[in-house]
Amino acid sequence: MLTSEKKLDMYRQMLLIRMFEEQAELLYMEGKIFGTFHLYVGEEAVAVGACAALRPDDYITSTHRGHGHCIAKGADVKRMMAELMAKDTGYCHGVGGSMHIADVEKGNLGANGVVGGGIPIATGAGLGCKLQKNGKVVLCFFGDGASNTGAFHESINMGAVFKLPVVYLCENNMYAMSTSVKYSFAINDISERSIAYGIPGVTVNGNDVLEVHEAVSLAVERAREGKGPTLIEAKTYRWKGHSKSDKNVYRSKEEIQSWKDRCPIQSFRRYLLEQEKIKESTIKAIDAEVERLIQESVQFAQGSPEPKLDAVRKMVYA
Amino acid sequence: MPDRVITFAEAIREALREELKKDPRVFLMGEDIGLYGGAFAVTMGLFEEFGPERVIDTPISESAIIGAAAGASLVGMRTVAEIQFSDFIAIGMDQLVNQAAKIRFMFGGKATVPMVIRAPIGSGTGAAAQHSQSQEAWYAHVPGLKVVMPSTPYDAKGLLKSAIRDDNPVIFLEHKLLYKTKGVVPEEEYFIPLGKADIKKPGTDLTIIGYSNLIPKSLQAAEILAKEGIEAEILDLRSLRPLDAEAIAQSIKKTHRVLVAYEAPQFGGFGAEVAAFIGEQCFDDLDAPVIRLGGLEMPPPYNPNLEKRLVPQVGDIVDGAKKVMKG
C-alpha cells in the first residue's frame with residue numbers, strides 16, 4: 001500500500017517532470033538548448049508510477065523521450081539541465097545531450113537515440129543481474145514504435161526463455177513520430193504480443209499513476225521471484241510534437257485537447273485533495289518547491305563551464 | 001531565361017517526382033515520409049501527389065525496410081527507401097550487406113536488385129552520437145553496393161535519377177547541412193552517371209579531393225588559399241564506389257600534390273582508400289606525401305563547440321593544404 005507521503009512524492013515528481021519539460025522548451029526557443037529533443041509532457045504518470053515500484057538499486061533503460069524516466073529514477077534536475085545545455089557539469093559532461101542522458105549511479109542505464117535500442121540492453125542487464133544473483137530488477141521503457149523493431153521480438157523472447165528479471169514497459173503514446181498505432185499495428189493492444197512469448201501481458205491506463213504503479217509492482221515482484229518478465233502496455237498520449245521540428249500535421253487539435261482534458265497531473269491532484277484529504281496548502285507548498293528546483297537548475301546550468309576537448313577525447317576508450 | 005535556383009532538398013524531391021511519374025515500378029518507402037514529408041521534409045507533397053501505394057509509410061523497422069526494398073526490387077520493382085538517419089542503416093545492415101549486396105552474385109548473375117537507400121548523413125545539427133555519423137566507408141567496402149555522396153543540388157538530382165535507374169543497390173547519402181543550400185538546376189531532364197568525379201574548381205598547385213559537405217568547405221578554403229597565391233583544384237568524387245580513378249590520376253598529373261578531406265573519423269575512413277590508390281598508381285607524379293584530413297577519433301559530441309571541432313572546418317582545410325605545399 002502506498003502511504004499518503006509516498007503519493008505526495010509521486011505528485012511532486014510528476015510536476016517536476018512537467019515543469020522541467022516546459023522550462024527546457026523555453027530554453028530551446030532561446031537557443032540555449034541545441035539540436036533536438038523529445039518532450040514527455042502528458043506521459044508523466046507512466047515514468048513516476050513505474051519507477052515508484054522499484055527499489056533504488058534497480059535499473060531502468062530509457063528512450064529518446066527520456067527526461068521523465070531520468071527524473072523518476074531520482075536524477076538531480078540541475079545536472080540534467082546542465083546536460084541539455086551541453087555543460088561539463090551535466091550527467092554526460094555535455095557530450096551526450098538529451099538523447100543520451102544517463103545516470104548510472106542511480107541505475108539509469110541511459111536514454112537512447114535509436115528506437116528500440118534499449119530493449120536488448122535491458123535484457124542483457126537482466127541477464128547480468130540474474131547471473132550475479134543480486135536480486136535486482138530491470139525496468140525497460142520503450143514506445144509503441146519500438147514494438148515494431150526486430151530488437152523487441154528478439155529481446156523479449158530471450159528474456160522469457162531465460163526467465164530474466166525484466167519488466168518490459170511499453171509507453172504507447174499513440175504515435176511513432178507521425179505514424180498512428182492504428183496504421184502500424186494490426187492488433188488493438190500491444191500487450192497481446194505477450195502471448196507469443198509465453199509471458200503475462202497487461203494494458204493499463206497510462207494517465208493513471210496509481211494504476212501504472214499497481215501493474216508494475218506486480219510485474220517487479222514476479223521478476224524478483226525469478227518467474228521472468230512481464231509485458232505491460234501503458235496507454236498515454238504525447239501532448240507536444242515528436243521532436244522540435246514537428247508541426248503536428250497528422251493529428252487534430254481536438255484529439256490533442258481531449259487528452260489534455262485527461263491530464264495525469266491534474267487528475268492525481270484532484271485525487272489527493274478529494275480522496276486522500278490532503279490539504280491544499282500542502283500541495284501548493286510542493287508546487288512552490290518544484291518551481292524553485294527548476295529555477296535553481298537553470299541557474300546552475302547557466303553558470304557551469306563548457307566541456308574541454310582534451311578531456312572529452314579521453315572518454316572514448318576505458 | 002534566368003537560371004533556376006533550388007535547394008538540395010528540392011532537387012532530390014524533383015528527381016523522386018520525375019522517376020515516380022515516368023516509371024510505375026518506382027515507389028518510395030520509409031518512416032514518416034508520407035503526410036509528414038520525411039524528417040528533413042525531402043518527400044514533402046509526394047504522398048499527396050502519388051498516394052499511399054507509391055509513397056509508403058512504414059513502421060519503425062529498418063531491418064524490414066531494407067530487406068523489403070531488396071525483396072520488392074528482386075521481383076521487379078525499383079524501390080527507393082529512406083532511412084531517417086543514416087546511422088540507423090546499421091539496424092538493417094544484415095539485410096543490406098548479407099542480402100541486398102550479394103543477391104545478384106550469389107544467384108549467379110540471374111537476378112537484379114535495383115534499389116536505392118537514401119539517408120541523411122553527417123554532423124552539425126547538435127543531434128549527438130547516434131544521429132550524426134558518417135559511415136560511408138562501411139558501405140563502400142562491400143562489393144555489390146554503390147555509394148553516392150553529392151555536394152550540390154545539380155549533382156544530387158542528376159545522380160539520384162541515375163541511381164534509381166541503376167540495376168544495383170545504391171546507397172545515396174545526403175549531408176544534412178546541404179539540404180537548404182541552393183544551386184542552379186535546369187528544368188529539362190538530365191542525368192549524371194555514377195562513378196564520375198567533377199572538378200568543382202580548377203587549380204594548378206594542389207588537388208583537394210573530397211565529397212559531400214567537404215566540397216563547399218573546400219571551395220571556401222580555396223578562396224583563402226588563392227589570396228596567398230596557392231591555386232587549389234577541388235575534385236568532388238561524387239561517387240565513392242565506383243571510384244573515378246582516372247579523374248584522380250589526371251588531376252595529380254597537373255598539380256602533383258594532394259589533400260584528401262572527409263568528415264568521417266580519419267582512421268580507416270574512405271580517404272585512406274583514396275590515399276592508398278594514389279600511392280600505388282600516381283607515385284611518380286607526386287611531389288609531396290599525400291595528406292589525409294579526416295574527423296577526430298570520437299563519436300559526435302552533443303556540445304556544439306566540440307561538435308565543430310570533430311570534423312574538418314574551412315580553417316583546417318587551409319592548414320592542411322599549406323602542409324601539403326610544404327611537404
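Mentor: Start with the element names: helices (H or I, at least four residues) and strands (E, at least two) are DSSP runs, numbered from the N terminus. Residues count from 1 along each chain as its sequence is written, while chains are lettered from A and ligands numbered from 1 in the order in which they are written. The model is predicted: local features need pLDDT of at least 70, side-chain atom pairs count only at pLDDT 80 or more, and totals for chains, interfaces and linings use all residues.

Now chain A. A:K163 sits in the loop between α6 (150-161) and β3 (166-172). Its phi is positive, about 50°, although A:K163 is not a glycine. Burial goes by other C-beta atoms within 10 Å, placed from the backbone: 20 or more is buried, 12 or fewer exposed, in between partly exposed. A:K163 has 16 such neighbours, so it is partly exposed.

A:N248 is in the loop between β7 (230-235) and α10 (253-260) of chain A. Phi there is near 55°, again positive in a non-glycine residue. Its 15 neighbours inside 10 Å make A:N248 partly exposed.

Chain B brings a cis peptide bond between B:R241 and B:P242, with omega about 0°. B:P242 belongs to the loop between β12 (239-241) and α9 (245-255) of chain B.

As for layout, chain B is assigned domain 1 (5-184) and domain 2 (198-326), with bounds from an automatic or database domain assignment. Their centres, taken over C-alpha atoms, are 26 Å apart.
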